[in-house]
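Here is a briefing on one chain. Please keep the sequence and the model in view while reading.

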Amino acid sequence: MTDYMKLGDKYLVHAYNRFPVVLERGEGVRLYDDKGGEYLDFAAGIAVYALGYGNRELNDALKKQMDLIIHTSNLYYNEPACLAAKELCEVTHMDRVFFTNSGTEAIEGAIKTARKYAYLKNNSTDHEIIAMEHSFHGRSMGALSVTGNVHYREPFGPDLGNVRFAQFNDLSSVEALINDKTCAVIMETVQGEGGIYPADEAFIRGVRKLCDDNGLLLILDEIQCGMGRTGYMFAWEKYGVKPDIVTVAKAVGNGVPVGAFLMTEEVAGSSLVPGDHGSTYGGNPFACAAVLEVLRQFKEKDIVGHVKALTPVLEKALDEIKDRHETIKARRGAGFIQALEFDRACGPVIENARAEGLLVISAGTNILRLVPPLIIEKDDIIEMQTKLDKAIERS
Ligand SMILES: *Cc1c(COP(=O)(O)O)cnc(C)c1O
C-alpha cells in the first residue's frame, strides 16, 4: 500500500500542517479514512459540504453535465451558467452575478467592481477601502490586502495599499476612517477565521447607513457564513440590511470549486464593462451545474428551516459542554457556525476529538470552530457532544 502521507510530504509545497489522516470517501455527515476509520464531520471541508458527502442527486447532475460538456469558456453562453445565475440572484436578492473558481477570486472581483464604480464617479484612481481587524477574505494579493490578520499579510508586502482597518462591531472606528477617498467598506457578516464573531445589529445597520450617507459601497463577504449556515439563507437577512456587493463560495458548490460575486443593478450599471474582468474557467458548465443542483436541494429540503429548527439543540449541547469544562471561556456563533473559546490552545482537543472519531477545526489558536454539514440531525449533535466532551476531558 502506498504511503500517501510520505508522498505528500515529499512533493506537496509545505504550506499546510496536515492532520495525519488520509481521507478516502464520505457518506452523509461521515468521512472514512484509508484504514477504515470513521469520523463524524463537524468541519465539512471548512464549511463547504452543506448538503453532505456522497450526495446522490448532486453526483448524478454532475455526471450528466460531464457527459454533455465540462467547459466552454466565457466567450459563449452555456445553459447551467445562465440558469444558476438566475437562481443565485434570486436567493441573494442581487441583480447580477460573476462566477469565479474560489472565494478569494470573488473578493478580487468585488474589490475591482468597487474601485471601478468609484473611478467612474469621480475619475480618480486614488480610492480607499475600509476593512475590519480580524477579518479573513482569502490568500490572493487583493483579498490578503483587506484581511485583518497582519501575520498573513506581512511577509508578502507591499500589499494593495489604500486599505484602512476598523474595529469590527465598533461603528465609530469605521466612521473615523471615512474620507473623500473612501469607496467601500468590506466585512464578513459573521467573522469566520478570525474567531466566529457575528456582527452586532447596531453595527451592521450603522455601517449600512454610513455607506448610504457617504456614497460608499457595502461589500458583505458571506463566503463562510452565507448559504443557510446561520439559519438565514444569507446572514445579513437577520439584520434587515442589504449589501451592494456580496461574495459567496464554500457551500455554493458543495465541494465543486466555485464562487461568485454579485451586485445590485445600480452597481452593475456603472462598473464592470466587457474587457474589465474575466476568468477562463469561472462559471463553467460543470461548476454551474453544481450550483444549480445545490440551490435546488436547498429549496426542496428547506435547508434554512432545518438549520433554524436545530440551532437551539446545537447551542444547548455546546453550552452544556462549556458548563462542564473550566477551560472553556465562552460559546458564541450563529446557527451552524459556532465557536468554543478555550483559555489555552485547542490543538490537543482537536487531536483527541479525531481519536474519538469527530472532526473539528480551529479558528485561531484558542478557538474551536464547529461548521458541520447543514444536514446534521439531532442524533449527530448528541454524538458530537459525547465525543467532544471526552476529547476535552483528555486534553
Ligand atoms: C474561506 C474564505 C475566503 C476564501 O475562500 P477561498 O475559496 O479559500 O479562496 C474568503 N472569505 C471568507 C469569509 C472565507 O471564509
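R30 stands opposite L40 in β3. This is a predicted model, in which local features need pLDDT of at least 70, side-chain atom pairs count only at pLDDT 80 or more, and totals for chains, interfaces and linings use all residues. Residues are numbered from 1 along each chain as its sequence is written, and side-chain values use heavy atoms, with hydrogens and water left out. Helices (H or I, at least four residues) and strands (E, at least two) are DSSP runs, numbered from the N terminus.

**Domains**

- The domain assignment gives domain 1 as 2–55 + 302–394 and domain 2 as 57–300. Such bounds come from an automatic or database domain assignment.
- The C-alpha centres of domain 1 and domain 2 are 26 Å apart.
- Across the boundary, 30 residues of domain 1 are in contact with 28 residues of domain 2. Contact means heavy atoms within 4.5 Å.

**The four-strand sheet**

- This sheet is open, with mixed pairing and the order β1-β2-β3-β15. Two strands pair if DSSP finds at least two bridges between them.
- β1 and β15 (358–359) are the edge strands, and each pairs on one side only.
- Strand β1 (residues 23–27) runs antiparallel to strand β2 (residues 30–33), with four bridges between them. R25 has Y32 of β2 as its bridge partner.
- The hairpin of β1 and β2 has two residues between the strands. There, G28 takes a positive phi near 65 degrees.
- β2 also pairs with strand β3 (residues 38–41), in the antiparallel sense and over three bridges.

**The seven-strand sheet**

- This open sheet has the order β4-β12-β11-β10-β7-β5-β6 and mixed pairing.
- β4 (96–100) and β6 (163–166) stand at the edges with a single partner strand each, so one side of each has no neighbour in the sheet.
- From one strand to the next, the twist averages 20 degrees. Axes are lines fitted to C-alpha atoms, for helices over the stretch in contact, and angles run from 0 to 180 degrees between N-to-C directions.
- β4 and strand β12 (residues 259–263) run antiparallel and are joined by five bridges. T100 has G259 of β12 as its bridge partner.

**Helices across the seven-strand sheet**

- Helix α4 (residues 79–92) lies across β4, β11 (245–248) and β12. Helix α4 runs at about 120 degrees to β4.
- Helix α5 (residues 103–122) lies across β4, β5 (128–132), β7 (182–188), β10 (217–221), β11 and β12. Helix α5 runs at about 170 degrees to β11.

**Packing of α4 with α11**

- α4 packs on helix α11 (residues 285–300) at an angle of about 40 degrees, with the axes 8 Å apart.
- α4 and α11 are therefore oblique to each other. Angles under 35 degrees count as roughly parallel, over 145 as roughly antiparallel, 65 to 115 as roughly perpendicular and the rest as oblique.
- Their crossing is left-handed. A crossing is left-handed if the near helix is turned anticlockwise from the far one by less than a right angle, and right-handed if clockwise.
- P80, A81, L83, A84, E87, L88 and V91 of α4 meet P285, C288, A289, V291, L292, L295 and K299 of α11.
- The α4–α11 contact residues divide into twelve nonpolar, no polar and two charged. Ala, Val, Leu, Ile, Met, Phe, Trp, Tyr, Cys and Pro count as nonpolar, Asp, Glu, Lys and Arg as charged, and the others, Gly among them, as polar.

**Packing of α12 with α14**

- The axes of helix α12 (residues 303–324) and helix α14 (residues 378–393) come within 10 Å and cross at roughly 15 degrees. α12 is therefore roughly parallel to α14.
- The crossing of α12 and α14 is right-handed.
- α12 contributes L310, V313, L314, A317, L318, E320, I321 and R324, while α14 contributes K378, I381, M384, Q385, L388, D389 and I392.
- The residues of this contact divide into ten nonpolar, one polar and four charged.

**Packing of α13 with α14**

- Helix α13 (residues 347–356) and α14 have axes that come within 8 Å and cross at roughly 130 degrees. α13 is therefore oblique to α14.
- The crossing of α13 and α14 is right-handed.
- V349, N352, A353 and E356 of α13 make the contact with K387, L388, K390, A391 and I392 of α14.
- The residues of the α13–α14 contact divide into five nonpolar, one polar and three charged.
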